[in-house]
Amino acid sequence: MKIKVISTIFISVFLLSFASDSLDPRYASFKYKDFETPQYCGTSCHIDFYQQWKQSMMSQAYVHHWDEIEYFELAVPHADLDPKVAEVKTGCNGCHAPMAYLAGNTPPPKPEANDRANEAVACDICHSIEGFEGDIPFNFNYIIKPGKTKFSTRGAGNSPNHNIKVNDLLKTGDFCGICHNEKSPFGIWVKSTHLEWKEGPYYKQGVHCQDCHMPKGKSRTAELGKVYDDSRQHLFHGAHDEGKIKGTIELRIHPDIRELEPGERVKFTIALYNAKTGHKFPSGSVEDRIVWMHVEATDSKGNKYHLPVDKKGFEGEEYTISSDVLAYQDMGIAKGIPNFKGVQRDDVPIGDRIFRMPYFDPQGRMTIQQWNTAKLGVDYRIGPKETKIEHCTFNLPDNLPPGKLKVTAVLNYQKLVKSVANFLNVPKDETEIVKVNEHSTEIIILQ
Ligand code: HEC
Ligand code: HEC
Ligand code: HEC
Ligand code: HEC
């Protein structure tokens, strides 16, 4: 892959954080009409891919409710108040509404105005990307050349509509990293899906993002074209697809003793194996996501007991065990609430293990505003093919009835912490609880 060399000093200035309009020569250097609409690509020719893309988050990156709320109610007002983060008013659009960014139309009108910003990560964005500036793909550092030539990976077919130029970059995870790595204005990696993948086992085995998110299948890539056995399906399914989340982590629970009496102590061990993700789990919008393990025992009479996780004693562990504390006070800046007390940090049962990495604002408070992130905390997410071992110790109550005691460990996933969603009126589907997996074991309580 060729990387265009511009003065490195210049690059490091404009890519230090979000590219800001005044320093980025790409900003406002194109017009909307330089890009085809997805409808145009998808109505007569690429019907199949178009319909797949339509129901992926790629097509909704600007119009999705939570994106609209976060951008217009938090990011834009915050950018107007704080010069340190001023650049995000424009910068968010470099990934979420690239056409609007490139046409210099930022902030774009709200989705209801039906501006072309709504086309979000459109066909003609990805297929006009020739390369990226520098060594690491991040913060939409694409080199983009819209026009008669579309970049793709096969090159066999010939289109009556446009030229096709083979660009091997599109085969690689580096291509995806252009938007799936993000640095905050404080120089912190607030999104690092590509970097996590590159450090992990899949990159070494030659498994790229496309293999899991654009799997190969037999289909026609264009109405006038041939049927290929290995057409790249444009599914882009991720956090918003329950089927993709379910089973991602496998968990198994077992006791250290099978038969015991009330008043005695039993220790359960839970192994959580990341079998499916090519990066850490959770990845991407880590500041929003919450993954927690809930362990519960049911005695022979149906009474339930919640088993909190045993502490391990590592630094920052308090952020990985659910508790009754407030956080996210920096939402008060954009919302105009001075001395905002915050909302519940976790909003899940107290004592449960949380697999996450906390983000901190410049004042050291936990934040869901990735652009206001000055520091990261302990990274207790589950890496690709990693197994985490957890323990729950249960001191059996003296009045526990004899018979079977069933103990179940459940791993739950929520795209957005519930308290934050409630505060910002984010629709319910963003906080639905997805059960990633569960497993049960039994012990016998003796007379
Ligand atoms: C031009 C920028 C851009 C490029 C290039 C890009 N993406 Fe994305 N992608 C986005 C944005 C923005 C979203 C977020 C959509 C939303 O939720 O607002 C997204 C969302 C996704 C999701 C859905 C996640 C979810 O929450 O459900 C997946 C999966 C994904 N991208 C995979 C890929 C893969 C694989 C590639 C490379 C082949 C890629 N992306 C290249 C910008 C991009
Ligand atoms: C997020 C970026 C992205 C978006 C959006 C996107 N594509 Fe693609 N497309 C790719 C990548 C990457 C490949 C090649 C993957 C590979 O070969 O590993 C590809 C391949 C293709 C191919 C060739 C498939 C083959 O197997 O030869 C066609 C045709 C295509 N895309 C059309 C479209 C159309 C039409 C749209 C819009 C409805 C679209 N793409 C949207 C990234 C994208
Ligand atoms: C081995 C298969 C595999 C590979 C390789 C892979 N992913 Fe994923 N990805 C998954 C699975 C499974 C999920 C659903 C679980 C999750 O959210 O992590 C997922 C989730 C995601 C999400 C949503 C994450 C979240 O929690 O919001 C994004 C975005 C994403 N992938 C992008 C990428 C990109 C970009 C690459 C390459 C740099 C990549 N993936 C490589 C399997 C894979
Ligand atoms: C470098 C590219 C990039 C920039 C810049 C960027 N985003 Fe994103 N954003 C993404 C990608 C990729 C995802 C999908 C990650 C995932 O699904 O986990 C995403 C996801 C989101 C989501 C979560 C959607 C959901 O439900 O999963 C919101 C909200 C969001 N972005 C808002 C913003 C705002 C506001 C800004 C500006 C302050 C911004 N983004 C800047 C690439 C970017």
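**Note on the predicted model**

1. Of the 24 residues around ligand 4, those that come nearest are Glu70, Val88, Cys92, Cys95 and Gly284; a residue counts as near a molecule if its C-beta atom, placed from the backbone, lies within 6 Å of it. Two or more residues of this shell come from each of α4, α5 (88-96) and α8 (173-180), and α5 gives the most, with 6 residues. Helices here are DSSP runs (H or I, at least four residues) and strands are runs of E (at least two), numbered from the N terminus.

2. The shell around ligand 4 divides into 11 nonpolar, 8 polar and 5 charged residues. In this count Ala, Val, Leu, Ile, Met, Phe, Trp, Tyr, Cys and Pro are nonpolar, Asp, Glu, Lys and Arg are charged, and the others, Gly among them, are polar. Ligand 4 lies between domain 1 (8-232) and domain 2 (242-445), because both give residues to its shell.

3. Residues are numbered from 1 along each chain as its sequence is written, and chains are lettered from A and ligands numbered from 1 in the order in which they are written.

4. Ligand 1 is surrounded by 26 residues, the closest being Cys176, Cys179, Cys209, Gly238 and Ala239. The elements α5, α7, α8 and α11 each give two or more residues to this shell, with α8 giving the most, 5 residues. By class, the shell around ligand 1 has 16 nonpolar, 9 polar and 1 charged.

5. Around ligand 2 there are 26 residues, and His46, Cys123, Cys126, Thr153 and Arg154 are the closest. Two or more residues come from each of α2 (38-43), α3 (47-54), α7 (123-126) and β8 (227-232). The shell around ligand 2 comprises 14 nonpolar, 9 polar and 3 charged residues.

6. The domain assignment, from an automatic or database source, gives domain 1 (8-232) and domain 2 (242-445). Their centres, taken over C-alpha atoms, are separated by 32 Å. The contact (C-beta atoms, placed from the backbone, within 7 Å) takes 29 residues from domain 1 and 26 residues from domain 2. On the side of domain 1 that touches domain 2, the largest share, 9 residues, comes from α4.

7. The largest nonpolar core has 54 residues, of which Ala75, Phe268, Val291, Met293, Val295, Tyr328 and Val420 touch the most other members. Such a core is a set of buried Ala, Val, Leu, Ile, Met, Phe, Trp, Tyr and Cys residues joined through C-beta atoms within 7 Å, where buried requires 20 or more other C-beta atoms within 10 Å of the residue's own. Strand β12 (residues 290-298) supplies the largest share of this core, 6 residues. At least three residues are drawn from each of domain 1 (8-232) and domain 2 (242-445).

8. The chain averages a pLDDT (the predictor's confidence in each residue, from 0 to 100) of 95, and 95% of the residues score at least 70. Over residues 1-17, however, pLDDT stays under 50. Where pLDDT is low, the predicted coordinates should not be read in detail.

Methods
Predicted model: local features only at pLDDT ≥ 70, side-chain atom pairs only at ≥ 80, totals over all residues. Contact = placed C-beta atoms within 7 Å. Buried ≥ 20, exposed ≤ 12 C-beta atoms within 10 Å, placed from the backbone.
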